[in-house]
Amino acid sequence: MSQCDRGSIAARLGQPTEQEGSAHEPRTREEQGVRWNEKWIYRDPEHQGFDRVVLWLRSDLQGIWRVNHDGSSLREP
């Protein structure tokens, strides 16, 4: 994925099923080994048994992961 801004991610993945935090959220959390303040959650978007999460720190993309229902995860390129 060459562009990693909010608009290009939303255009590629659509609107998330759920969202935690926001771009202006002052508190940060840690998950998948990165700090984030906004999390986009896509519940089993491809009907293949995994959720997709997109983590942001302010306006910077921290990464996209596939999270399996057993809790294991794989970072997407």
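Which residue in strand 4 does glutamate 18 stand opposite? In this predicted model, the residue facing glutamate 18 is isoleucine 41 of strand 4. The two strands concerned, strand 1 and strand 4, run antiparallel and are joined by four bridges.

This pairing belongs to an open sheet of five strands, arranged in the order 1-4-5-6-7 with antiparallel pairing. From one strand to the next, the twist averages 20°.

Glutamine 32 has a phi of about 55° and is not a glycine. Glutamine 32 is placed in the loop that links strand 2 (29–31) with strand 3 (34–36). With a relative accessible area of 29%, glutamine 32 is partly exposed; this value lies between the limits of 20% for buried and 50% for exposed residues.

A positive phi also occurs at aspartate 44, where the angle is about 40° although the residue is not a glycine. Because its relative accessibility is 22%, aspartate 44 counts as partly exposed.

Conventions: Residues numbered from 1 in each chain as written. Predicted model: local features only at pLDDT ≥ 70, side-chain atom pairs only at ≥ 80, totals over all residues. Heavy atoms only, no water. Buried < 20%, exposed > 50% of the residue type's maximum accessible area, 1.4 Å probe, protein only. Pairing = 2+ DSSP bridges. Axes fitted to C-alpha atoms, helices over the stretch in contact; angles between N-to-C directions.
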